[in-house]
Amino acid sequence: MKKFGPHLRKAVLALAAAGLFASQAIALPVTEPSVDRPVVFAASDCYAIGQQVAAQNGGTLAKASQATRGGQQVCVIVVLVPGKEGQRPRRSEIVVPMG
């Protein structure tokens, strides 16, 4: 039983190394986006729109997410507007069409 341990350890290491090399050999090639298939970064667009809306309303951006309403892509923006006379902030949800 003592002679079996080192052989098993070597076999496991060899299999792990072979798996590592095989995974590198079959890795998919990296392709650049083409004009035919534009990449849309909707979340970052909604975030930028949310920052503008928050600035216009004098509040801070709490949440910016993309949604579909009525078959149209929109950004749902949540802005926290400071309350009057030390009251807690008011939550304001604004829906802005994307595009």
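Trainee: To start, where is Ser65 placed?

Mentor: Ser65 is in strand β1, which covers residues 60-69. Keep in mind that this is a predicted model.

Trainee: Thanks! Is Ser65 buried, partly exposed or exposed?

Mentor: Ser65 counts as partly exposed, because its relative accessibility is 25%.

Trainee: And what is Ser65 in contact with, leaving aside neighbours within four places in sequence?

Mentor: Cys46, Val74, Cys75 and Val76.

Trainee: Two cysteines there. What joins Cys46 to Cys75?

Mentor: A disulfide, with the sulfurs 2.0 Å apart. A search of the whole structure finds one disulfide. Cys46 sits in helix α2 (residues 42-57) and Cys75 in strand β2 (residues 72-81), so to speak distant parts of the chain, 29 residues apart.

Trainee: Which hand does that link have? And are the two cysteines buried or exposed?

Mentor: The link is left-handed, with -80° about the S-S bond. Cys46 and Cys75 are both buried.

Trainee: Changing topic: how many salt bridges does the structure hold?

Mentor: Two. In one of them, the side chains of Glu93 and Arg69 meet at 4.0 Å, N to O. Glu93 is in strand β3 (residues 90-97) and Arg69 in strand β1, so this pair ties together parts 24 residues apart in sequence.

Trainee: What about Glu93 and Arg91?

Mentor: Their side chains also meet in a salt bridge, at 3.8 Å, N to O.

Trainee: Why does Arg91 count as exposed?

Mentor: Because its relative accessibility is 54%, and exposed means over 50%. Glu93, at 43%, counts as partly exposed.

Terms used. Residues numbered from 1 in each chain as written. Predicted model: local features only at pLDDT ≥ 70, side-chain atom pairs only at ≥ 80, totals over all residues. Heavy atoms only, no water. Helix = DSSP H or I, 4+ residues; strand = E, 2+ residues; numbered from the N terminus. Buried < 20%, exposed > 50% of the residue type's maximum accessible area, 1.4 Å probe, protein only. Contact = heavy atoms within 4.5 Å. Disulfide = S-S within 2.5 Å.
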